[in-house]
Amino acid sequence: MAYKDEKVVGILLEEADKVEERCEGYRGELREAVGDIMSAERQHKFVKMNITSRVGDVVGRVGTYLHKSAKTEA
Amino acid sequence: MRLIKARFHGFRLLDDATFKFSIDPVKNITVVRGANESGKTTLLVALQWALFGEEALPAGYNTFNMDLLPGAIAETTAEVIYEVTSAKGVQRYRLIRTLTGQMGSAIRNKSTAELSEVTPRGNEPIASVTAHLANHLPPELREVFFTDGDAALNFIQGRTAEQQKRVRKAIEQLMGLPLLESAVDHLKKAERDIRAKADNVAGTEELHDIRTQLEALDASIPEAEAKQSALADEILNLNDLFKRADHELQDALKRGNRDELAKELQLVERQQAASEARIKATEMQQAELIGDSDFAREMLGQKFKRAGALLDDLRTKGQIPSRTIPVLEDRLNQLDCICGESLDSTTAEGHRRRGHIEELIESSREADALKSKVSDLYFDGRPLFEDQEARWVGRYSKAYAARSSEEAIYAELGANAAELQTRLDKVRDNDVQRAREMRDTYLSQLTEKRDEASRLDFTLKGRRQLRTDLDKKLTTLLSREDKGLHFAAELTAARDIRSILERTLETMKTREVQAVSDKMNEYFLEMIGSDPETALIKRAAINTDFRIVVFGRNNLALDPQEINGASRRALTIAFILALTQVSGVDAPNVIDTPLGMMSGFVKSEVVRVAASASSQLILFLTHDEIKGIETILDAKAGEVITISNPAHYPRILKNDPGTKSARALICECNHRRVCEICERRESAETTPASKEKAA
């Protein structure tokens with residue numbers, strides 16, 4: 001990434017903290033997901049890969065976490 | 001990233017040419033000194049080619065040595081040693097790029113690059129060269145870190161829309177916004193995939209309908225956004241054209257409308273004629289004053305006084321006025337003399353007496369004519385002989401002033417008429433009309449486009465709102481059924497992640513752009529030495545439309561093109577430095593001929609500020625650019641080399657280089673030294689005292 005990574009990461013984390021904590025540990029999952037997506041995007045610039053699928057996997061992971069947590073809490 | 005060394009072979013003028021760059025954090029400037037056409041710009045291109053490949057070459061650029069004959073096999077090689085500081089510490093890399101081709105061939109081969117890490121164990125090859133290089137110095141930042149003074153000016157000159165695009169692109173690229181935007185796009189695709197899966201699983205008509213609508217909105221919103229962006233550009237361009245047309249109209253109006261000018265000229269000519277008549281009247285008044293009795297009395301006062309005394313004397317003596325002849329004639333009519341004797345002509349005595357009186361009348365007649373004249377003079381000339389207050393000079397001064405004033409009015413009217421005539425000659429019949437038509441046309445188009453943009457904005461807001469509503473509805477529908485709950489959770493997660501990325505993008509566009517703007521202003525004011533109290537330029541900023549603007553006194557916005565050339569260049573360099581500084585990207589700032597049009601304070605401050613804002617500053621400078629900044633270079637330049645073109649002998653170079661080949665000659669002379677290779681006629685003739693031959 002062109003922009004100094006720490007700065008972007010700092011803002012991403014700052015914004016992740018503003019999202020509603022839908023279940024316990026949800027924000028932590030989001031932070032990790034955002035990091036993974038950005039890392040995948042960076043790799044995608046130089047390595048051929050199915051980026052949509054990679055991003056979908058990350059989203060699926062967070063969705064599953066949310067779904068399971070919601071069921072547990074229920 | 002810091003450049004340590006670069007070596008080029010067969011790259012145009014650069015053949016077996018080695019350049020060392022300063023990595024000293026205190027003396028962080030590297031200067032490549034050279035006259036125009038000595039290879040500085042070639043070096044700028046060569047460095048970019050080495051690091052970024054063919055994409056960095058200008059269109060149609062041929063890297064091969066120009067001395068090679070058509071058909072000859074040519075090879076260009078670049079070797080760059082650089083270091084990168086990372087969490088692992090300082091790592092050193094060696095990059096070799098090679099291109100082989102045939103001189104004159106239209107086929108452009110692709111270069112090959114090898115990258116290896118330089119370690120104590122030897123060079124360790126790196127597999128994915130492009131990815132590694134991009135991590136060390138992102139290609140999208142190439143034009144920010146490698147620039148020249150003229151190209152940098154494009155950030156503040158040209159069409160407004162173009163300026164904004166360049167500034168926006170530079171900021172966005174430097175901050176890595178395209179990567180975030182790309183992530184947002186991929187998230188949107190992931191959301192679509194989830195919806196499609198949910199639709200397949202749920203199989204309800206309502207869900208399918210919502211999904212179809214969302215698909216349509218997902219397609220139409222970006223289309224409308226692109227149209228909005230294009231419209232914004234059109235509006236900016238039309239605004240530029242409207243402003244220009246309005247200026248032209250104002251200029252035309254200043255020059256004047258032909259009919260109005262002709263009428264004005266006629267009026268002035270009439271006024272001139274009236275003034276001419278008044279001048280003649282004042283001339284008459286002046287002329288009359290010359291024949292005036294006041295003039296005579298005040299000019300001949302003493303003589304008149306003496307004449308008056310003489311006449312008074314004659315009157316006292318009874319010599320004037322003359323009454324002899326009328327008295328004698330009266331006696332003749334009365335028939336008796338004043339003595340009482342008879343004057344009867346019938347008597348002899350009376351006849352004799354009458355004859356005597358008639359003789360007396362005859363003899364007195366000559367003397368009386370003179371006395372009569374003197375008497376007239378006595379009576380008529382009384383006002384001249386009497387003492388009166390002097391007033392003629394006052395009257396004459398007044399008349400003279402009136403005439404002079406009228407003559408001045410006449411002259412002014414004449415000048416006015418001449419100017420009007422000149423303007424009239426210059427004005428084409430339709431100047432004002434044409435300018436007004438142009439302005440009105442642009443204004444009409446501008447209004448139309450603004451209305452269209454406003455409508456589109458409204459539509460977009462509606463579509464976005466609908467999308468949000470449908471999204472929620474879809475999630476609610478999915479949540480109603482067990483099999484949909486998982487998809488609803490996935491969609492919620494996707495939206496949350498997307499919102500994090502979108503808000504990050506927004507924050508970077510606002511907060512960080514403001515940071516670039518503030519930093520640019522700080523550097524710029526330092527460079528031009530702007531005094532907060534007295535300066536004409538008060539501050540510079542990047543506005544919300546990504547336009548660089550300058551503010552003068554009273555916070556008046558100035559077009560950067562209105563400021564002087566040196567300040568313009570300083571502003572663009574300040575912008576580049578601010579971008580690199582705020583981004584935190586550690587890379588060399590390589591600037592070709594940055595100090596053109598600069599002198600004195602601004603020139604030395606630009607170098608000082610640039611050196612303190614860069615981790616590594618590489619400047620390609622002409623001898624003229626170096627003049628005046630030698631002291632700063634003494635303190636801050638860790639490496640200085642001189643590059644000369646043998647083709648400059650004998651016109652510029654003083655000594656025969658012994659070769660005529662198109663190959664730059666490099667010597668280690670710094671900004672204060674010359675040697676047999678680089679000694680120039682100009683330097684030998686103009687600065688003999690400063691010449692210090694290199695050992």
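Strands here are DSSP runs of E, at least two residues long, and they are numbered from the N terminus. By that rule B:Leu95 sits in strand β5 of chain B, a handy place to start looking at this predicted model.

B:Leu95 comes out at 0% relative accessibility, and since buried means under 20%, it counts as buried. What does B:Leu95 touch, leaving aside residues up to four places away in sequence? The contacts are B:Ala50, B:Leu51, B:Ala78, B:Glu79, B:Val80, B:Tyr82, B:Ala113, B:Glu114, B:Leu115, B:Val129 and B:Leu133. One of these, B:Leu115, is also the bridge partner of B:Leu95 in β6(B). B:Glu117 is 22 residues away in sequence from B:Leu95, with 8.8 Å between the two C-alpha atoms.

That bridge belongs to a pairing between β5 (residues 89-102) and β6 (residues 112-119) of chain B, which run antiparallel and are joined by seven bridges. Zooming out, the strands of chain B in question make an open, antiparallel sheet of six, ordered β2-β1-β4-β5-β6-β7. The edges go to β2 (17-20) and β7 (122-126) of chain B; each has a single partner strand, so one side of each has no neighbour in the sheet. Ignoring direction, neighbouring strands of this sheet are turned by 20 degrees against each other on average. Helix α1(B) packs on this sheet, where it touches β1 (2-9), β2, β4 (73-86) and β5 of chain B, and its direction makes about 105 degrees with that of β5(B). Helix α2 of chain B (residues 129-136) lies across β4, β5, β6 and β7 of chain B, at about 65 degrees to β6(B).

Chain B has another open sheet of six strands, this one with mixed pairing and the order β8-β12-β13-β3-β14-β15. Its edge strands are β8 (146-148) and β15 (665-667) of chain B, each paired with a single strand, so each has one side without a neighbour in the sheet. From one strand to the next, the twist averages 20 degrees. At the β8(B) end, three bridges link β8(B) in parallel fashion to β12 (residues 589-592) of chain B, and B:Asp148 stands opposite B:Asp592 in β12(B). Helix α1 of chain B (residues 40-52) turns up here as well: it lies across β3 (29-34), β8, β12, β13 (617-621) and β14 (637-644) of chain B and runs at about 160 degrees to β8(B). Helix α17 of chain B (residues 600-613) packs on the sheet too, touching β3 and β13 of chain B, with its direction at about 150 degrees to that of β13(B).

Now for β3(B) itself. Is β3(B) mostly covered or mostly open? Mostly covered, with six of its six residues buried. In a regular strand the side chains alternate between the two faces of the sheet. For β3(B), B:Ile29, B:Val31 and B:Arg33 lie on one side and B:Thr30, B:Val32 and B:Gly34 on the other, and all are buried, so both faces are covered. On the β13(B) side, the pairing is parallel over five bridges, and B:Ile29 stands opposite B:Leu617. On the β14(B) side, six bridges join the two parallel strands, and B:Arg33 has B:Thr642 as its bridge partner.

Among contacts in chain A with a separation of 6 or more, 51% come from residues 24 or more positions apart.

The size of an interface is often given as the accessible area lost when the parts come together. Between chain A and chain B the buried area is about 3,200 Å², and carbon and sulfur atoms give 71% of that.

Notes:
Residues are numbered from 1 along each chain as its sequence is written. Chains are lettered from A and ligands numbered from 1 in the order in which they are written. This is a predicted model: local features need pLDDT of at least 70, side-chain atom pairs count only at pLDDT 80 or more; totals for chains, interfaces and linings use all residues. Side-chain values use heavy atoms; hydrogens and water are left out. Two strands pair if DSSP finds at least two bridges between them. Helices (H or I, at least four residues) and strands (E, at least two) are DSSP runs, numbered from the N terminus. Axes are lines fitted to C-alpha atoms, for helices over the stretch in contact, and angles run from 0 to 180 degrees between N-to-C directions. Contact means heavy atoms within 4.5 Å. Buried means under 20% relative accessible area, exposed over 50%, partly exposed in between (1.4 Å probe, protein chains only). Buried area is the accessible area (1.4 Å probe) that two parts lose on being put together, summed over both.
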